[in-house]
Amino acid sequence: MQCALAVPRLPPRDAGTPALSVVDMHAGGEPLRIVLAGCPEVAGATLLAKRRYMRQHLDHVRRRLMFEPRGHRDMYGAVLVPSELPDAHLGVLFLHNEGYSSMCGHAVLALGRFALDFGLVPASPAGTREARVNIHCPCGLVAAFVECEGGRSRGPVRFHSVPAFVLATDLMIDVPGHGKVVVDIAYGGAFYAFVSAEKLGLDVCSAKTRDLVDAASTVTKAVKAQFKINHPDSEDLAFLYGTIITDGKDAYSEEPTTNICVFADEQVDRSPTGSGVTARIALQYHKGLLELNQTRAFKSSATGSVFTGKAVREAKCGDFQAVIVEVSGQAHYTGTASFTVEDDDPLRDGFLLK
């Protein structure tokens, strides 16, 4: 006999700890947990200041949502906050297993739909087929363009990045277990090291995920130890987020090029990685392998999902020659939840297994 509850209600919980209400989505298989309610106010005059405040004072919220038993080591999240930018419809702080990212492309694709469907942008005139959503990310203002019908999202989303640029090419890095390896470093809202899988003795399309994770993590640690990351605008953005292992097919082709991104604490992106696509387009344009408005497809070796990207115009970031990159992909809703805490739970703030 099935037991049906007439009115949904929350289970016994600590009365002094608000339930965290979320909407779950994914883009290309990479999850996004969006906080609707229950997060304390995040103080700070700027978005980067809010990011610092959340890290120092509200990190338990991240751990409760990202870690087991409510999440898992590859969960990703977003806390929506007010923005100081007059053109922004919303500000966002990105959460992962290690801390707080400066940019997340798959999250922007999902948040574009979410912002439109949950009324965070003004209603579009009747007949509008694409709505613009200005999302203030820690790296800067990103414009998302959401296909819509009757004021509701439908179909794919595209976004225009912050200026993306190349920090270093053909960098020789001593990678333990692999010797000297040629690495490129590029920025797409976050900094990534790019390396061809064959330089690591792997095939990105057929290797075991564990082997790719181990190799990418080793590269990340080696680059951090041997090369200093700088960003012309803010020290808050000057860090290596992860390593993207590619199939080495950087020359233009109509066929997809495959990669896998390992970021934060060995977290594996299930999608082709939106900010990684941005940085990889900037790298290919910098090397003369792509022209403006020449579209490439990028495939995730983890799930087979595909994003597309193209450089739409040239720009500057400090003294760096840069490009604005358009990334397109599809996001989907997967559910809603309310997460609670009991005051006698020794694992209330979560845990991770290595």
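The model is predicted. Its largest pocket has a volume of about 210 Å³, its largest nonpolar core holds 95 residues, and a search of the whole structure finds 11 aromatic pairs.

**Largest pocket**
- The lining of the largest pocket comprises 15 residues; those nearest the centre are D184, V195, S196, D250 and K287.
- By class, this lining divides into 7 charged, 5 nonpolar and 3 polar residues.
- At least two lining residues come from each of strand 10 (179–187), strand 11 (191–196) and helix 5 (274–286).

**Nonpolar cores**
- Within the largest nonpolar core, the residues that touch the most other members are I135, C137, V183 and I245.
- Beyond its neighbours within four places in sequence, C137 is in contact with L47, V92, F94, S102, M103, V108 and V142.
- Another core, of 18 residues, lies apart from the largest one and includes L47, M54, V79 and F339.

**Aromatic pairs and cluster**
- F165 and F191 form an edge-to-face pair, with 5.8 Å centre to centre and 80° between the planes.
- Because F165 belongs to strand 9 (residues 164–175) and F191 to strand 11, this pair ties together parts that are 26 residues apart in sequence.
- F165 counts as buried because its relative accessibility is 0%; F191 is likewise buried, with a relative accessible area of 0%.
- One aromatic cluster is formed by Y76, F94, Y192, F194, F239, Y241 and F263.

Methods: Residues numbered from 1 in each chain as written. Predicted model: local features only at pLDDT ≥ 70, side-chain atom pairs only at ≥ 80, totals over all residues. Heavy atoms only, no water. 1 Å grid on protein atoms, 1.4 Å probe; cavity = no way out; pocket = protein on both sides within 12 Å on 5 of 7 lines; lining within 4 Å. Points joined across faces, edges and corners; volume = space filled by probe spheres on them. Helix = DSSP H or I, 4+ residues; strand = E, 2+ residues; numbered from the N terminus. Nonpolar A, V, L, I, M, F, W, Y, C, P; charged D, E, K, R; others polar. Core = buried A, V, L, I, M, F, W, Y, C linked by side-chain atoms within 4.5 Å. Buried < 20%, exposed > 50% of the residue type's maximum accessible area, 1.4 Å probe, protein only. Contact = heavy atoms within 4.5 Å. Phe/Tyr/Trp six-rings, centres within 6.5 Å; stacked < 30°, edge-to-face > 60°.
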